[in-house]
Amino acid sequence: MALSLAKSTLFSNPTSYFPKNGIRSFGFLVPFSSFSTSSPFLAVDGVHGHKKRQSSVVASALELGGVKISKDEIVRDDPTNNIPDTIFAKLGMQLHRRNQHPLGILKNAIYDYFDTNYPDKFDKFDDLCPIVSVRQNFDEVLVPADHVSRSYNDTYYVDSQTVLRCHTSAHQAELLRNGHTHFLVTGDVYRRDSIDSTHYPVFHQMEGVRVFAPNDWEGSGTDATSHAAEDLKKCLEGLARHLFGGVEMRWVDTYFPFTNPSFELEIYFQDQWMEVLGCGVTEQEILKRSGKTDNVAWAVGLGLERLAMVLFDIPDIRLFWSTDERFTSQFSSGQLGLKFKTFSKYPPCYKDMSFWISDSFTENNLCEVVRGIAGDLAEEVKLIDNFTNKKGMTSHCYRIAYRSMERSLTDEEINDLQWKVREQVENKLKVVLR
């Protein structure tokens, strides 16, 4: 079985506005700058080898093209809003724009490949606003109305018509309408997710699109779709060699709602087949809606954390957010594939919690509660037992692993976290503790 690494722009196995408050509209092409705050965690150039600085400050405002948006406009006591403080605190951090951070190093390595093989072809965007409309995030890339990714269980909603983007594909249609035919979009994306070493509710993606005109394939002896698919595979095989060296590769046919045909590229790396990206020939409906009725195109999505974890030997996705100099000082601009040296030897502490679930219970909601209290001290939440009794009531038992990557946790700290988790789980999720 292939190890899935893509988690990419809904290539994976999923003008913004705030009408309720009457706030001004923002086109997504407005650059997204960092927060207006004194918090040391939020400086865009914050990876500079300093010791980690502790701060409990949560930013009160962010800026979009110089226009401030208050936290109260993003995190609201509203039934259509499910964005917690912990997610708002990640907005504006833009790890992918830090040249000495593993994600920035990887982004720049991919840029180097496209610049070398397609000089002056691809426009690059890495500061587009992550607050987008439902239309941009779903409708314009043909995500079905009943697709699970649209649910409040999977997506962070500002209100019923505005979300934190789930994928960088949210910008594809407008870029096409604005005349861009070759582009790369890199950014932070947001999904409610499980808690373990490879999943985090904020991660980073890169979307690539190339559009072809009729004179590109006429005379080639192939039809438009075949020409685009052949070019796509040639391009991405070259990218895989650029990142991983001379590895064995294979293409796997798959399905995505916005490409046809659709493919996944797998490489044989460290004795296993590993999925590195999802891609395909763009559905003609997307191009038609963007005014490109005579064109074909290909699109590709890359999940940067998953690739960086392999290339740099980073064992836990939480480390990407660390400001500990023992992490940040290990990486240098332009040095792809430097192997991370583990500095944390601290043991995990396990706490179990059993409860009778309600019909509305979901594991993602449980993980949101745990993250809201324990933050990045929560290493894993795992279902270890479940059963249904004769009355039809179902019980789940979850094991929560607490661990800091930077220090030892005290028994008092862990017990306090666990009691708070139990209290919030019972109150917010309407379950009955056992």
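This is a predicted model: local features need pLDDT of at least 70, side-chain atom pairs count only at pLDDT 80 or more; totals for chains, interfaces and linings use all residues.

Q: What order do the strands take in the open sheet of four?

A: The order is E17-E18-E16-E19, with antiparallel pairing. Strands E17 (378–388) and E19 (432–433) are the edges, each pairing on one side only.

Q: And how many bridges join E16 and E18?

A: Eight, between residues 349–356 of E16 and 394–402 of E18. Asp-352, for instance, has Arg-399 in E18 as its bridge partner.

Q: Which strands does helix H12 touch?

A: H12 (residues 411–429) packs on the sheet against E16, E18 and E19, and its direction makes about 20 degrees with that of E16. Helix H11 (residues 363–374) lies across E16, E17 and E18, at about 140 degrees to E17.

Q: Switching to rings: how many aromatic pairs are there?

A: The structure has 20. One of them is Phe-244 with Phe-269, edge-to-face, at 5.1 Å centre to centre and 70 degrees between the planes. Phe-244 sits in helix H7 and Phe-269 in strand E13, 25 residues apart.

Q: Is Phe-244 buried or exposed?

A: Buried, at 12% relative accessible area; Phe-269 is buried too, at 15%.

Q: Why does the pair Phe-355 and Tyr-398 count as stacked?

A: Because the planes are at 15 degrees, with the ring centres 5.9 Å apart. Phe-355 is in E16 and Tyr-398 in E18, so the pair ties together parts 43 residues apart in sequence. Both residues are buried.

Q: What sits over the ring of Trp-273?

A: The charged end of Arg-250, 4.1 Å from the ring centre. Likewise, the charged end of Lys-233 sits over Phe-263, at 4.2 Å.

How values were computed
Residues are numbered from 1 along each chain as its sequence is written. Side-chain values use heavy atoms; hydrogens and water are left out. Two strands pair if DSSP finds at least two bridges between them. Helices (H or I, at least four residues) and strands (E, at least two) are DSSP runs, numbered from the N terminus. Contact means heavy atoms within 4.5 Å. Axes are lines fitted to C-alpha atoms, for helices over the stretch in contact, and angles run from 0 to 180 degrees between N-to-C directions. Rings of Phe, Tyr and Trp (its six-membered ring) pair if their centres lie within 6.5 Å; planes under 30 degrees apart count as stacked, over 60 as edge-to-face and the rest as tilted. Buried means under 20% relative accessible area, exposed over 50%, partly exposed in between (1.4 Å probe, protein chains only). A charge sits over a ring if NZ of Lys or CZ of Arg is within 6 Å of the ring centre and within 35 degrees of the ring normal.
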